[in-house]
Amino acid sequence: TGWSAGNGNITVANSRATVTATSTSASVDIRQSLSLVVNEKYYLSVVLGKIASTLSPLRVHLGALDNYSNVKLFGPGALPSERVSLVTTPTLSDAYFDIKMDNSGGVVGNAFFVERIIVVNLTATFGAGNEPTAERMDGIMAKFTNSWFNGTANLFRAKWTLNELRRLDSE
C-alpha cells in the first residue's frame, strides 16, 4: 500500500506490481514516500524487469526528491528479471523510493514490473561505521527465501554473519 504511479497504471498479481504507460509522457514511474533518518545508511533491494525488449532505460532510486546521486541505471533492451541492490545515505528525511522508465518514445503500453522490494536501515541494524556494502547485504539477505522477508525479521544472525565475513577477510 502507499504506492503511486506517474503517467501509468499499477496492476498487482502474485506479489508483482506491473506499471504500464498510459500516456505519451517522457517518463513512467512507481514510487512511495518514506520517512528516513538523515545521514544513516540504507539498503534497498528490488527485483525488476521490463515487459518488452523495446523499452527505454530504467532508473532505481532511493533518496530525496530530484537528488539522483545514488541510482542504478539499466539501458534499453530486454531485462527479464534482475535483483537490484544499492546502499545510499539520504540527506533529507522526507524521501522516496522510485523506479522510473524513460518513455521518451512516448509509447502507450510500455511496461515494467517490480517485486520483493525491501529497505533496511543499516545504521540502526548494524551500528554506525559497521554498515555492510550492498554486496555484503545481498549475501546476508540470501539467507532468507527469495532474499526477502515481509515485515520485521531478526537480523541478529545476519549481524553475526557480517562480523564473520569481516574476520575471514582480515586473515
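A residue is called buried when its relative accessible area is under 20%, exposed when it is over 50%, and partly exposed in between, using a 1.4 Å probe and protein chains only. The structure on display is a predicted model, in which local features need pLDDT of at least 70, side-chain atom pairs count only at pLDDT 80 or more, and totals for chains, interfaces and linings use all residues. Residues are numbered from 1 along each chain as its sequence is written, and side-chain values use heavy atoms, with hydrogens and water left out.

Select Arg-16, which is partly exposed at 30% relative accessibility. The term salt bridge denotes a side-chain nitrogen of Lys or Arg within 4 Å of a carboxyl oxygen of Asp or Glu. In general, side chains of opposite charge can pair when their charged atoms come close. The structure holds four salt bridges. The pair formed by Glu-115 and Arg-16 links distant parts of the chain: Glu-115 belongs to strand E10 (residues 111-121) and Arg-16 to strand E3 (residues 16-21), 99 residues apart. Such labels refer to DSSP runs numbered from the N terminus, namely helices (H or I, at least four residues) and strands (E, at least two).

**Second stop: Asn-121**

Remain in strand E10 and select Asn-121. Is this residue buried or exposed? Asn-121 is buried, at 16% relative accessibility. Its side chain reaches the backbone nitrogen of Thr-123 at 3.0 Å. A polar atom of the Asn-121 side chain also lies 2.8 Å from the backbone nitrogen of Ala-124. Leaving aside residues up to four places away in sequence, Asn-121 touches Val-37, Glu-40, Lys-41 and Tyr-42, where contact means heavy atoms within 4.5 Å.

Now select Arg-136 and Asp-169, whose side chains meet in a salt bridge with an N to O distance of 1.9 Å. This pair also links distant parts of the chain, with Arg-136 in helix H2 (residues 134-141) and Asp-169 in helix H3 (residues 156-170), 33 residues apart. Arg-136 is partly exposed, with a relative accessible area of 21%, whereas Asp-169 is exposed at 55%.

Finally, select Arg-167 and Glu-171, which form a salt bridge with their closest N and O atoms 2.5 Å apart. Glu-171 is exposed at 68% relative accessibility, while Arg-167 is partly exposed at 38%.

Key. Polar contact = N/O pair within 3.5 Å; in protein donor to acceptor, adjacent residues only side chain to side chain.
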